[in-house]
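Subject: Structure handover

Hello,

Here is the structure for you to take over. Please open it alongside this message.

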Amino acid sequence: MKNNCVMTLKMKKLVILSATLISLSCSKKIDHYSMADSTADIFPDYVDVVIPPNIAPLNFHINNKGTAFRVEFYTEKDKGFAIEQTSCDIIIPEHRWHELIGSNRGRNLFIDIYIKNDGWVRYKTIKDSIVSENVESYLAYRLINTSNIMWHEMGIYQRNIENYTETPIFRNRSSENGCVNCHHFNQSDPERMTLHFRKCFPGTLLLLPDSMVKLDTKTPCTMSPFAFAAWHPGGNYLAYCVNLVHQVFTSTIDYHHVVYDDASDLVIYDIQRNRVTTSPRVSSQNRENMPSFSPDGKWLYYISCPPQTNDSNRTFAKYDLVRVPLDIETNTWGEVDTLITSHETGKSISFPKVSPDGKYVMFSMGNYGYFTIFDKDADLYIYDIEKLDNRKLESNSEYAESYPAWSQTNRWFAFESRRMDNLYTRIYYSYFDEDGKAHRPFVLPQKDPLYYKKLMQNYNLPELLKGKVKVDEMTLRNFIPKDPIQVQFDSTIDIDALSGATYIHQTENSKK
Amino acid sequence: MRLLSFLLAFLIIILKYVFTKIQPELIFHAQQPPFLRTFVFFSNFVDYPGGLAEYTGNLFAQSFYSSFFGSLVIVSVCLILMLCTKYIASGSLSGSKGFLWMFIPAIILFYLIHDYYLPFYVIFKLLLAVVFITSIIILKGRQTLVLILFPLAGILLYYLAGSASFMTGLLSVALYFAFQSENRNRFVIPVIAVLCAIVIPFIAYTYCFNIQRDNLWFSFMPPFPLAIKYTADKMHYFLFYSIPLIVLVSSIHDRAFRYLKRAAGKTNRKVLKTIVEGPAKNTVFQTIMALVGGTTIILCVYIVSAGAYNQHKKNIVLADYYAENKDWKKVIDVALSDPRYDKYINFAYNRAIANLGRFSENYFNYPQLSGSDGLYPDKVIAAQIAQPACDLYYEVGYISEAMHWAYEAQTIRPYSSRIMKRLVMANLIEGRYQAAATLLFILKSGFHHETFVNKYLPYTIDTSLASKDPEIMEKRLFMPVNEVTLNDASYRYDLLYRVSKENRLALEYLAMTYLLDHKLAGFMEIYPDLKKVYKDKLPLTYELAVILYVLKSGKHDLHKYDLSEESRRIFLDFNKTLGKFNKDKKAARYTLQRSFGNTYLFYLTYLSPLAMKTENTHEK
């Protein structure tokens with residue numbers, strides 16, 4: 001580490017041109033300055049956050065006006081480096097950053113900001129914490145416009161979070177702008193992915209280590225093609241939801257949109273046998289959705305709410321968190337165990353995710369329904385499986401938080417939040433310590449500090465990945481027009497024995 | 001000099017026509033060409049062939065915000081296209097050779113710009129192809145350089161302008177060298193062109209770009225947002241094909257001419273020599289030929305403009321344009337001057353009379369063939385209704401629905417500044433200041449909206465400013481909160497009216513929805529409220545509805561209602577006239593239309609979709 005050295009900022013081509021360096025040589029620290037009584041106003045908000053040692057530089061924009069800016073990065077043990085420039089966009093040199101935070105695990109990162117107007121003003125030091133545990137180096141997400149009925153361009157992307165490289169996994173421009181959704185990976189394994197295509201070349205794509213298959217997942221015995229997915233940890237099975245989804249609009253501020261199911265069930269897909277099976281436990285008259293397996297694969301967690309009886313009940317359904325034991329090899333199901341009821345919380349649970357160590361279930365809880373991404377009141381909660389206790393996480397904001405995704409280290413999770421402007425959903429990372437406390441999160445860093453003020457798309461369904469998804473976009477493009485393989489419904493299941501919605505809807509449809 | 005004068009005259013005519021008749025600001029309004037000065041926006045255009053031409057085309061299309069600058073840009077493009085075409089056809093910019101050829105693509109272009117939904121970048125893509133062809137032809141004498149540059153520039157053209165321009169460029173250059181070149185490039189260039197045409201798009205598709213297979217070779221149509229209603233017709237394709245066609249025909253002409261020249265040298269035949277050498281300069285014959293040529297071009301322009309100009313299509317855009325600018329009287333003028341019905345004009349007309357406070361009086365001046373759907377655009381969901389639904393709900397104060405439809409509209413028409421502005425207002429009204437600030441920040445990076453941004457950005461910092469804004473405060477007063485939005489127009493307007501009895505527009509819309517749906521009982525429930533609004537005299541439409549209700553209900557208590565003589569007389573006259581035709585509606589239609597065409601009675605009898613539906617069922 002070069003001590004006391006002022007970095008000359010190497011401005012890259014597409015960074016704001018006005019950023020010119022004052023000093024090209026090493027300059028001394030600023031000796032004469034006055035102190036401000038607050039921290040500088042920076043965007044994104046990277047104050048008091050906890051960061052992993054492998055995260056890309058947290059570039060930021062200084063909102064305070066000034067003619068020159070000096071920013072010093074250092075830790076307790078390392079004098080770090082400084083940037084001095086006329087631009088208020090602080091683009092941190094990647095190698096300097098990685099040198100500093102990589103070698104200072106477990107320490108605090110201090111950021112001193114000096115702003116020059118008539119004279120230099122030093123703002124209060126920003127203190128962030130660097131923890132020891134890395135977070136998965138890749139992140140997958142969907143980028144989509146805000147809309148509820150129509151859609152146009154969208155894509156599933158992956159981002160190397162150690163730098164700023166974003167590559168598309170699949171964008172719908174080659175599939176006549178058909179919908180692509182519900183990407184999901186098995187325990188952060190980039191080689192096992194499920195992804196649905198709707199409207200154009202419809203079907204479910206299964207990416208496996210040695211192969212790729214496209215499935216037609218609608219069977220005469222299930223009410224819809226597969227929707228929300230959960231990989232069984234063994235990698236040979238997936239739980240999916242089948243549902244008849246609807247939405248209504250409301251005039252509630254910050255909650256214009258309620259998604260609900262007329263009916264829904266869970267099914268298990270056996271990859272090797274290409275077979276769909278279910279059980280009366282999860283194909284009941286209740287509406288089951290959002291499956292998530294425990295890491296040992298012996299429990300299936302999901303959400304459930306009573307069947308629709310009238311419009312109000314249907315629209316403003318509130319979901320419980322439940323689980324059911326199962327032996328997936330023998331298709332043996334135990335009794336359903338309700339963990340948290342909406343009756344006791346007064347709210348509706350969604351997106352349950354079991355931690356990789358099996359100790360916790362993280363979920364989102366909002367006012368109604370299970371699609372909490374637009375619900376301002378939706379927050380993240382944690383359920384302690386041993387203590388049978390749940391509580392609101394510390395990393396929530398006053399705006400919508402939803403769709404948590406665990407790191408395989410158990411120490412990190414990513415989630416969606418609208419806290420930045422209550423307009424677009426962005427992805428945040430939060431540190432989850434050994435005591436089960438979530439720390440102040442930080443938004444996924446971008447090279448352009450103002451990127452989130454310019455991007456008119458939402459980040460959707462974050463999934464942490466151990467590595468890069470190797471299959472490229474062209475391969476997927478060429479693959480998805482292929483005819484899908486029809487999945488087979490388990491012939492050993494006695495359909496009449498199912499009292500569930502699937503059966504009811506199947507019968508109704510047959511009558512029609 | 002004479003040719004130059006003619007060219008100038010031609011361009012001035014086109015400029016005047018485009019400025020006054022086509023009005024590029026209407027193109028801008030119809031298409032909302034997106035452009036933001038941010039890298040995030042730019043990055044949307046870099047990873048597919050033709051993207052950069054679309055980006056640049058959108059940049060130039062920003063000039064259409066002003067009809068004058070838009071016309072200048074169109075005419076400038078026209079001029080470049082013409083000069084390049086002349087050079088391609090004749091190998092020179094001077095002289096009369098190739099003079100007529102250069103008007104062909106210009107006239108096709110002139111035809112195409114009559115379509116308000118033709119994105120400017122389509123033209124820009126062709127322009128890039130033409131510049132490519134011209135550049136290669138300029139360098140034709142430098143054999144080796146051409147051999148190196150041709151495939152490289154071809155790759156660049158493919159990337160910049162997409163496959164259609166690329167194919168146009170390759171074909172034109174190949175034809176040119178095959179016919180015009182005297183050196184080895186005569187054979188080599190066409191071979192390279194064929195190879196490039198096969199290999200470059202194939203490699204690009206297989207290894208570089210995530211594009212549809214259909215767009216591999218001939219992508220004439222970029223993937224438009226759903227709201228853009230442009231479909232390429234024969235003239236669109238002909239615009240691209242016209243360039244290689246001109247190369248082919250002019251080359252054949254040249255060859256034939258050279259052949260004749262050689263033949264003339266070997267013979268003494270006077271006719272042949274005259275053809276080869278041309279008429280003597282400044283002769284009457286030459287003047288006549290010039291006049292014929294000029295007249296033909298002017299005639300072509302006239303025929304094309306007469307054939308392509310569609311006042312009705314223009315009116316659809318114009319009505320919406322005036323509505324957006326709150327020029328309500330002009331909306332009404334446009335609607336009433338158009339003999340053809342259009343539901344989008346209908347939406348604009350309804351908004352116009354509502355905003356002018358002449359809703360119930362003038363409602364049936366425009367044929368309300370959509371019935372209550374004219375006040376409920378989102379009854380049948382389609383991409384094109386997102387914007388009208390957003391506008392209507394905003395005006396009536398249903399902010400959550402305005403916002404919902406604004407987001408839908410934005411999805412299918414990304415980065416539209418018009419929609420962003422609507423979203424800013426909706427978010428300010430709902431008190432979502434941070435959201436409004438983000439949208440204003442994005443708007444700021446575009447063009448033309450400085451005034452709007454400067455006005456509303458302070459609202460996001462000092463939120464008390466919003467509370468002093470009459471528009472925002474009125475909408476806040478009117479907007480329903482914590483209610484489910486049902487798919488029923490009368491429910492929605494009833495809800496709005498229940499939220500605020502001050503919301504007169506909601507009351508009027510509710511009353512009219514009842515009437516349009518023949519729900520007279522529902523109408524009578526709000527009759528007392530209407531009487532409070534219209535203390536002196538109820539509008540004729542409402543009075544006629546009261547008469548109908550009384551008669552249909554059989555209560556015979558018409559005296560209870562303080563109705564005017566006029567409405568009674570109109571009601572009686574209408575029925576008397578119908579009686580004259582023995583209640584034969586078909587026979588009476590023309591007569592009734594003349595006297596009662598703008599009344600609720602005529603609507604009920606002839607125009608209402610419900611009445612038409614019943615009639616059709618009876619006929620079946």
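This is a predicted model: local features need pLDDT of at least 70, side-chain atom pairs count only at pLDDT 80 or more; totals for chains, interfaces and linings use all residues.

The interface

Chains A and B meet through 50 residues of chain B and 39 residues of chain A. Together they bury about 4100 Å². Carbon and sulfur atoms account for 59% of that area. Three residues stand out on the chain B side: Val40(B), Asn210(B) and Thr411(B). They supply 17% of the area that chain B buries against chain A, more than any other three residues.

Polar links are there too. Between chain B and chain A, 25 residue pairs are in polar contact. The interface also has 3 salt bridges. One to look at is Asp254(A) with Arg432(B), at 2.3 Å from N to O.

Which elements of chain B supply at least two residues each to the side that touches chain A? There are helices H3 (39-42), H10 (185-208), H19 (399-412), H20 (417-429) and H21 (433-444), plus strand E1 (484-485). H19(B) gives the largest share, 10 residues. By residue class, this side of chain B has 30 nonpolar, 14 polar and 6 charged residues.

Strand E20 of chain A (residues 237-252) is joined to E1(B) by 2 bridges, and the two run antiparallel. Within that pairing, Thr250(A) has Val484(B) as its bridge partner.

Sheets in chain A

One has 5 strands in the order E15-E16-E17-E18-E37, and its pairing is mixed. Its edges are strand E15 (179-186) and strand E37 (485-486). Each edge strand has a single partner, so one side of each has no neighbour in the sheet. Inside this sheet, strand E16 (residues 189-198) and strand E17 (residues 203-207) run antiparallel, joined by 5 bridges. Met193(A) sits opposite Leu207(A) of E17(A).

The other has 4 strands in the order E32-E33-E34-E35, with antiparallel pairing. Strand E32 (401-406) and E35 of chain A are the edges here. Again each has a single partner strand, so one side of each is left without a neighbour in the sheet. E34(A) and E35(A) are joined by 2 bridges and run antiparallel. Tyr428(A) stands opposite Val443(A) of E35(A).

Side-chain pairs

Over all chains, the structure holds 34 salt bridges. Take Asp45(A) and Arg440(A), whose side chains meet at 2.6 Å, N to O. Asp45(A) is in the loop between strand E3 (42-43) and strand E4 (50-51) of chain A. Arg440(A) is in the loop between strand E34 (426-431) and strand E35 (442-443) of chain A. The pair therefore ties together parts that are 395 residues apart in sequence.

Why does the pair of Phe73(A) and Trp97(A) count as edge-to-face? The ring centres of Phe73(A) and Trp97(A) are 6.4 Å apart and the planes are at 85°, so the pair falls in that class, which takes planes over 60 degrees apart. Phe73(A) belongs to strand E6 (residues 68-75) and Trp97(A) to helix H1 (residues 94-102), both of chain A, so this pair links parts that are 24 residues apart in sequence.

Over to you.

Best wishes

How values were computed:
Residues are numbered from 1 along each chain as its sequence is written. Chains are lettered from A and ligands numbered from 1 in the order in which they are written. Side-chain values use heavy atoms; hydrogens and water are left out. Contact means heavy atoms within 4.5 Å. Buried area is the accessible area (1.4 Å probe) that two parts lose on being put together, summed over both. A salt bridge is a side-chain nitrogen of Lys or Arg within 4 Å of a carboxyl oxygen of Asp or Glu. A polar contact is a pair of N or O atoms within 3.5 Å; within protein, one must be able to donate a hydrogen and the other to accept it, and residues adjacent in sequence count only if both atoms are side-chain atoms. Ala, Val, Leu, Ile, Met, Phe, Trp, Tyr, Cys and Pro count as nonpolar, Asp, Glu, Lys and Arg as charged, and the others, Gly among them, as polar. Two strands pair if DSSP finds at least two bridges between them. Rings of Phe, Tyr and Trp (its six-membered ring) pair if their centres lie within 6.5 Å; planes under 30 degrees apart count as stacked, over 60 as edge-to-face and the rest as tilted.
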